[in-house]
Amino acid sequence: MHLFNITQLHPVNIGILPHNNDLILLHRWEEHSKQNLVKSNGGKPFLTQKTTPQGFQTNEYADAQLQEIVRKMRERATVYKEKLKDPVLSSPEGSPTASEAKPEEDHYCDMLCCKFKKTPLKKYMTYLQLPDSIDSYTDRRYVAWLMLVTVAYNWNCWFIPLRFVFPYQTSSNTIYWVAIDIICDICYLCDLLVFQPRVQFLKGGDIISDKVEMKKFYHSSMKFRLDVISVLPFEVLSIFFGFNPAFRANRMLKHNTFFEFNDRLEAILDKAYIYRVIRTTGYLLFILHINACLYYWASDYEGLGSTRWVYDGQGNMYLRCYYWAVRTLITIGGLPEPQTLFEIVFQLLNFFLGVFVFSSLIGQMRDVIGAATAGQNYYRSCMDNTVSYMNTYSIPKVVQNRVRTWYEYTWDSQGMLDESELLEQMPTKMQLAIAIDVNFAIVNKVDLFKGCDTQMIYDMLLRLKSIVYLPGDFVCKKGEIGREMYIIKQGEVQVLGGPDGTKVLVTLRAGAVFGEISLLAAGGGNRRTANVVAHGFANLFILDKKTLNEILVHYPDSEKLLMKKAKVLLKEKGKPAPGPPVQQPRGLAGLFGQKQETPKLFKAMLGGKGKAGLAKLLQLKRERDIQKPEQEEKKPKPEEKKLPEPAASSAPPAQKEEPNADTKPKPPAVMHRGTTNESLIISMSPSPTAGEGEILKVEAKEKKRK
């Protein structure tokens, strides 16, 4: 380890740099400070220093740090200058970004030949630690505890009547029954002393989480009184009267916890109707269980096997009594007739109770199943009404099949026909919370909306509409006026182009955005430049221009920013696509320049390309030569006709100029048509008037025939 001492350190020049109005302290040492730096290793200086032209020493580390600070200051000054030049580009409130959580340290456990990930013990202890106050609506640990108490409650409800009536509890197995009873009592006591006094409650709309207030509220409720009665140890009477399960009947008074567990569990389940069906079935089975216990008690009272109506004591006593209870309570019939007055009264009460209970349970089951299938029934009703409407107006079968396909896919994919109907029932804040979780990640990827006011994006999320497109449906067509922006929520779309409009240019998948420029295009909207077709079933979000304009009225800064970005995007979209690369000629041909294109006027005169056009022109000339003698006979003095200027010429007519005395008059810039015996000569001469281009001349000459 090297030690060094700095005995004298003289800050010679400490200044304030005017750049960026920041203080930069420049420490410079005099030349004699070098002697004060002592190093124990051979007397060598610890800090490497270099001599500047001014004759003083500079510390390289301090100089590097100062240069880094200056660089950062300049970058910050550049950013502020840009903001001062264009304040619209800087938004007062940036878009929220997802907080990057630090990756947790992985813990692995080596056990035998396998290695698996385990959760650290501290995390378990933190999760299992009992909080000072419990939110009964959101805390899953409280629901788990209520489930444990509910199991103990059901144990008492089912087995106390069973042990009281049937002779299943004997002296040899009493210790096992008592052990389970003690465990259930411990659960009751923990719920009474630990959990229930910590449950939050509402008072005037405020959530009360104070320990004293929560305990006072629980102690003043009816639930507390029933919980206290349910844990009273009436088993002490067994010392005087012998052990009897009837002394535990007070354990069945803790029914409030059972119903609270049902409500909390239904609130967190995705398909709560399944649990409702199971719970209703459990009610029916419990009533049949109580009826079976009463039948065995009545048979024991009359005497087992004394009459044909009572239980004869053969086989499994509980199953036979339960079978009798099922046939009696559900009024199936086919049972032996009661003989005595007690049997007749018991059977009559059983029939009346069975009709009432069974009809109530069946009605409750019907309501549960009806509520579970309400959405399905609504979907079927809408589809049947639509099909009936199409049949009334003789809609083609192809269209009807597509309509049915849309109904089926929409229902299967999202479980409803219109999501907005469900969200409209909620307050605006809840709608916004759901929209942010579902759609914000998609909208935040759109470059057009980056830098805009966050509240404007929130308002826009509430206006997005979800639409399902079938395979082959045109999302937009080429030439249409674009008034919407599309965000792909699910599925794929294809952008078609090419000469025939069937070539797939690009395939857009979930999260892609297209048509965003149409939202801000001026002049009634811009036209679509390509066809966009749904490749499969595509679920898209749509935002129309009218809705966006209604939102931007309240956000003028965001409107300016969007207009500026739209102009940039329109310029980028308007640039012509780069054509195919021009191949350079190889060999000696590369020494010469590229051949210039034939003038359009020359092509028009030739009537074609290459030799074919020239041959056609010569053929027309020969036909005119044949017709010439006939015309001379009719007209003794034929006059040459002036050739009109070709329509393809874009040059303006030559202006008339006054001839000078010194110069000869120039021929008019027109072409004459006639026939001669000379060969064909085609030439171009410059126009006499400047700026009018060139004049095409065609002369036909032929050799004289011998």
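The paragraphs below go through this predicted model from the whole chain down to single residues.

Residues are numbered from 1 along each chain as its sequence is written, and side-chain values use heavy atoms, with hydrogens and water left out. Because the model is predicted, local features need pLDDT of at least 70 and side-chain atom pairs count only at pLDDT 80 or more, while totals for chains, interfaces and linings use all residues.

The chain has 706 residues, and 28% of them are buried. Buried stands for under 20% relative accessible area, exposed for over 50%, and partly exposed for what lies in between, with a 1.4 Å probe and protein chains only. The secondary structure consists of 20 helices and 20 strands. Both are DSSP runs numbered from the N terminus: helices are H or I with at least four residues, strands are E with at least two. Of the contacts in the chain with a separation of 6 or more, 67% are between residues 24 or more positions apart, a contact being heavy atoms within 4.5 Å.

An unreviewed UniProt entry annotates residues 142-162, 174-195, 224-243, 273-297 and 341-362 as "transmembrane region". UniProt positions are given in the numbering used here, feature names are shortened, and such annotations may be inferred rather than shown by experiment. In the model, residues 174-195 are 100% helix and 0% strand, with 31 Å between the end C-alpha atoms. For residues 224-243 the figures are 55% helix and 0% strand, and the end C-alpha atoms are 28 Å apart.

Phenylalanine 159 belongs to helix 3, residues 140-165. Its relative accessibility is 28%, so phenylalanine 159 counts as partly exposed.

Threonine 138 sits in the loop between helix 2 (121-128) and helix 3. At 56% relative accessibility, threonine 138 is exposed. Its side chain makes a polar contact of 2.7 Å with the side chain of aspartate 135. A polar contact is a pair of N or O atoms within 3.5 Å; within protein, one must be able to donate a hydrogen and the other to accept it, and residues adjacent in sequence count only if both atoms are side-chain atoms. Threonine 138 and arginine 264 are 126 residues apart in sequence, yet their C-alpha atoms are 8.7 Å apart.

What about the cysteines? A disulfide is a covalent bond between the sulfur atoms of two cysteines. With a cut-off of 2.5 Å between cysteine sulfur atoms, the structure holds zero disulfides. For cysteine 187, the nearest cysteine sulfur is that of cysteine 184, 6.3 Å away. Cysteine 187 is buried, at 11% relative accessibility. The sulfur of cysteine 293 is too far for a bond because the closest cysteine sulfur, in cysteine 321, is 8.4 Å away. Cysteine 293 is also buried, at 4% relative accessibility.

The whole structure contains 28 aromatic pairs. Rings of Phe, Tyr and Trp (its six-membered ring) pair if their centres lie within 6.5 Å; planes under 30 degrees apart count as stacked, over 60 as edge-to-face and the rest as tilted. One of the pairs is tyrosine 301 with phenylalanine 342, which is tilted, with 5.1 Å from centre to centre and 45 degrees between the planes. This pair links distant parts of the chain, since tyrosine 301 is in helix 9 (residues 272-302) and phenylalanine 342, 41 residues apart from it, is in helix 11 (residues 341-372). Tyrosine 301 is exposed at 56% relative accessible area, and phenylalanine 342 is partly exposed at 27%. Both belong to a cluster linked by ring pairs, which includes Tyr295, Trp297, Trp309, Trp324 and Phe346.

Serine 394 is placed in the loop between helix 12 (374-392) and helix 13 (397-414). Its phi is near 55 degrees, a positive value in a residue other than glycine. Serine 394 is exposed, with a relative accessible area of 61%.

Asparagine 531 is in strand 15, residues 531-534. With a relative accessible area of 16%, asparagine 531 is buried. Its side chain reaches the backbone nitrogen of lysine 478 at 2.5 Å. Not counting residues up to four places away in sequence, asparagine 531 touches Phe474, Cys476, Lys477, Lys478, Gln494, Val495, Leu496 and Gly501.
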